[in-house]
There are 4 protein chains.
Amino acid sequence: ADSWSVAGLTFNSRLLVGTGKYKDFEETKIAIEASGAEIVTVAVRRVNVSNPNAPMLTDYIDPKKYTYLPNTAGCFTAEDAVRTLRLAREAGGWDLVKLEVLSDEKYLWPNNPETLKAAEILVQEGFKVMVYTTDDPHMCKRFEDLGCVAVMPLAAPIGSGLGVRNPYTTRIIVEQAKVPVLVDAGVGTASDAAIAMELGCDGVLMNTAIAGAKDPILMAHAMKHAVLAGRQAYLAGRIQKKLYATASSPLDGTFF
Amino acid sequence: ADSWSVAGLTFNSRLLVGTGKYKDFEETKIAIEASGAEIVTVAVRRVNVSNPNAPMLTDYIDPKKYTYLPNTAGCFTAEDAVRTLRLAREAGGWDLVKLEVLSDEKYLWPNNPETLKAAEILVQEGFKVMVYTTDDPHMCKRFEDLGCVAVMPLAAPIGSGLGVRNPYTTRIIVEQAKVPVLVDAGVGTASDAAIAMELGCDGVLMNTAIAGAKDPILMAHAMKHAVLAGRQAYLAGRIQKKLYATASSPLDGTFF
Amino acid sequence: ADSWSVAGLTFNSRLLVGTGKYKDFEETKIAIEASGAEIVTVAVRRVNVSNPNAPMLTDYIDPKKYTYLPNTAGCFTAEDAVRTLRLAREAGGWDLVKLEVLSDEKYLWPNNPETLKAAEILVQEGFKVMVYTTDDPHMCKRFEDLGCVAVMPLAAPIGSGLGVRNPYTTRIIVEQAKVPVLVDAGVGTASDAAIAMELGCDGVLMNTAIAGAKDPILMAHAMKHAVLAGRQAYLAGRIQKKLYATASSPLDGTFF
Amino acid sequence: ADSWSVAGLTFNSRLLVGTGKYKDFEETKIAIEASGAEIVTVAVRRVNVSNPNAPMLTDYIDPKKYTYLPNTAGCFTAEDAVRTLRLAREAGGWDLVKLEVLSDEKYLWPNNPETLKAAEILVQEGFKVMVYTTDDPHMCKRFEDLGCVAVMPLAAPIGSGLGVRNPYTTRIIVEQAKVPVLVDAGVGTASDAAIAMELGCDGVLMNTAIAGAKDPILMAHAMKHAVLAGRQAYLAGRIQKKLYATASSPLDGTFF
């Protein structure tokens with residue numbers, strides 16, 4: 001089967017989903033089941049995974065069935081991010097983590113220098129770091145070189161729904177990478193996810209595109225099919241683009 | 001279930017496929033099964049459906065299981081197209097047909113004036129005409145008004161693989177139409193099919209994108225998922241596009 | 001100099017402009033001067049060119065200095081269009097005309113079958129017909145074959161500001177045409193006009209993009225420069241697109 | 001007039017050009033004159049500005065007439081870049097400089113961490129630093145905050161000719177910046193430059209797009225007009241995009 005691996009774990013689904021922004025845990029649970037995801041991200045600072053007196057995510061999304069990926073949503077400095085993940089490891093034993101350090105509350109854009117600082121510390125402390133960053137080929141290479149187990153370049157700003165804004169940088173990132181490349185953030189609809197996979201990415205992570213749709217459950221189904229479709233199309237080898245069918249050669253460096 | 005109807009027939013699959021350009025009928029058969037299609041187009045002038053001394057398509061694609069849609073591929077005048085479909089009706093009893101009249105051998109672009117002439121005759125003669133045309137809102141309306149049972153605007157030139165070149169005209173066509181709108185021709189890869197469906201089309205028809213892929217069977221799988229993904233995303237209601245998540249309003253008429 | 005010719009007349013400016021939608025004739029005059037246009041379209045049914053008791057366009061835009069191009073804006077049938085242009089010829093002696101027949105008041109999309117009918121009559125009656133149509137390679141060829149002196153495919157719906165929606169069809173039209181190709185309708189801003197020219201078109205016609213800008217005069221200047229820029233870039237021969245500078249070959253038929 | 005300022009100097013032209021990749025200094029000179037540029041970048045490590053026994057750039061491009069902007073092309077570490085600019089200051093007294101630190105010889109992508117290190121040192125040493133970087137809103141803000149006098153985000157990889165790949169990030173950068181924003185690298189043709197200016201950038205810097213065109217001199221003219229066109233269109237306030245002219249509202253967050 002067409003599986004992929006990260007940090008020694010192997011997965012069949014290439015769609016990773018967030019657990020936030022749903023109406024309640026019941027909807028979260030149904031949407032995630034519909035998506036077919038095997039890895040779910042959990043915002044350690046926001047989602048209740050330890051207070052037994054409030055509804056707990058773990059009661060709905062079984063940590064034995066799903067791989068929990070604690071993330072550092074809400075952290076704006078390396079220090080905060082590192083502290084958050086240390087707490088997560090102490091609390092749940094998680095060492096496979098998603099690192100994200102953002103710039104500010106308004107744009108929620110990755111802060112690469114702080115992310116770099118945090119990544120260096122976390123890798124040294126034995127975390128298996130999947131790192132959220134910009135679609136910057138140099139930074140992705142750098143994170144890989146310092147020991148991150150996966151790079152997660154954005155498609156577009158978190159929650160923007162703009163899709164893969166720059167397929168060219170994504171293609172360069174894939175071309176260079178020896179660790180899995182997962183497009184993370186910015187997907188708006190099914191075709192966006194398919195495009196990410198057609199570029200050769202190993203997977204796609206999303207949250208708002210599903211949780212924010214009018215019908216989140218149906219959109220979760222859509223995304224499951226979209227990721228499969230994009231992956232299979234990538235493997236199947238698409239026809240080349242031509243100005244018209246009988247043209248003797250594909251469109252070249254003067255296309256539009 | 002999310003079915004659609006044309007000429008009194010109801011279908012669950014929204015992917016229609018051609019039967020040409022495969023290595024042999026065996027590959028045709030496996031690819032079509034993988035695509036999940038229920039309607040297959042057949043180029044009456046090119047595909048053997050009646051000579052029992054040569055391999056016959058009907059031995060591989062069971063006409064009781066699939067709806068055969070005879071088309072007029074290779075016709076460049078109304079007269080030719082009408083004659084071709086009359087022969088098809090006599091031979092196989094088919095009256096649900098796909099009309100296409102092309103301009104020339106080089107660009108294979110629809111010849112709308114000749115298509116219009118042919119459509120008028122065929123509708124009068126009792127054919128149920130699904131009509132291939134340009135993504136021209138006026139022509140699509142016109143074909144609908146004269147009694148065609150479905151309009152099939154191109155995404156891009158046949159065999160070009162360029163995808164939905166003009167989502168705006170497609171959106172206007174969908175907005176206006178009371179008969180099914182099927183995007184036909186120009187799809188190159190899975191995301192193209194998803195995009196067509198996200199625009200609100202009722203279905204997608206393709207041939208080269210599957211038959212011309214390096215691995216046609218796998219691409220057929222991809223397209224099945226892509227059409228489902230796009231359809232479900234359309235029904236699910238995607239999030240709006242914003243410059244960034246916390247922007248107070250979606251991107252408006254000055255976007256890029 | 002880099003001039004172009006239509007119907008035996010030679011022009012240096014490749015920007016053609018409409019005369020409608022301005023605040024008053026004074027603004028029309030200043031904007032048109034700023035645009036550097038030598039040809040102006042005049043909606044015969046809407047603009048006063050004959051009643052001496054009301055402000056007349058001809059008092060502001062000197063018909064000796066500018067080539068007036070009467071158009072059939074507001075006509076929805078061949079009959080109406082033909083009658084309108086016959087009146088224009090009687091009134092002003094104009095036989096170089098812009099033919100447009102639209103589908104309806106809502107979408108203002110070209111009605112090609114009626115346009116075709118009108119073009120046949122007008123050409124026979126000795127008019128020099130510049131014809132507004134869709135970006136349909138077959139129709140453009142057809143209009144050329146029946147004797148039109150220029151074809152004017154749309155970039156996008158009139159007044160939409162969406163720019164050249166389908167550069168591929170425009171490129172095919174240019175590749176085929178032996179008469180001038182002028183992109184007409186749909187331009188929104190300067191880069192849209194530049195793109196039209198970079199595709200090899202002979203000129204661009206616009207009205208709303210200038211008259212509807214917040215500062216029409218300044219936008220007229222912008223468009224003058226944009227058309228020049230696009231034309232010169234076309235002639236200068238742009239560099240090919242590559243994924244990165246040191247790539248050994250330009251991007252080919254699998255680009256995005 | 002519509003001038004702009006950086007580091008206390010005021011300029012009328014918003015097109016900045018490189019001096020490399022031309023056939024010879026004579027062509028460099030004519031192309032730069034045609035471009036109307038007032039600022040020229042000079043690769044300190046590559047261009048002869050001091051050896052009187054070889055042709056010198058200064059003999060062709062008068063440093064009294066043009067503002068020389070020494071750059072660090074060819075530097076892959078902060079240390080190299082800093083050393084190069086110190087030498088430039090010693091040799092020619094230049095303290096207004098363009099800092100660029102690239103990742104490697106293949107992709108020539110900005111190395112932001114090294115660029116950050118170099119910028120901190122150079123600003124402290126009194127250089128006025130115009131900094132080449134990615135189209136990363138956080139990094140641009142960061143460079144501004146530490147005292148850079150202008151930020152120069154790329155449009156696309158150097159020499160790729162891909163144009164402004166991500167107008168959305170560029171728009172966020174412009175929205176945030178208090179120093180001039182100049183798009184640098186990746187422009188391929190005239191419309192690309194116009195688009196950069198329509199996004200509200202203060203200027204555009206290019207080299208390959210002109211020097212690599214078939215006719216560099218004519219392309220220089222094209223770019224002069226394109227930058228003017230884009231700037232004027234930005235100031236003039238374009239019409240909004242609509243699906244069709246009579247639509248009651250502009251296209252919103254569900255456009256394509």
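## Salt bridges and the B–A interface

D:Glu125 is partly exposed at 29% relative accessibility (buried is under 20%, exposed over 50%, partly exposed in between; 1.4 Å probe, protein chains only). The model is predicted: local features need pLDDT of at least 70, side-chain atom pairs need pLDDT 80 or more, and totals for chains, interfaces and linings use all residues. Residues are numbered from 1 along each chain as written, chains are lettered from A and ligands numbered from 1 in written order, and side-chain values use heavy atoms, without hydrogens and water.

**Salt bridges**
- The whole structure holds 49 salt bridges over all chains (a side-chain nitrogen of Lys or Arg within 4 Å of a carboxyl oxygen of Asp or Glu).
- D:Glu125 pairs with D:Arg86 at 2.5 Å, N to O.
- D:Arg86 is partly exposed, at 36% relative accessible area.
- B:Glu100 bridges to B:Lys98, with the closest N and O atoms 3.1 Å apart.
- Both B:Glu100 and B:Lys98 are buried.
- C:Glu175 and B:Lys106 form a salt bridge at 3.5 Å, N to O.

**Interface of chains B and A**
- Chain B gives 48 residues to the contact, and chain A gives 48 (heavy atoms within 4.5 Å).
- The two chains bury about 3,700 Å², 65% of it on carbon and sulfur atoms (accessible area, 1.4 Å probe, lost on being put together, summed over both parts).
- In chain B, B:His225, B:Ile239 and B:Tyr244 lose the most area to chain A, together 16% of what that side buries.
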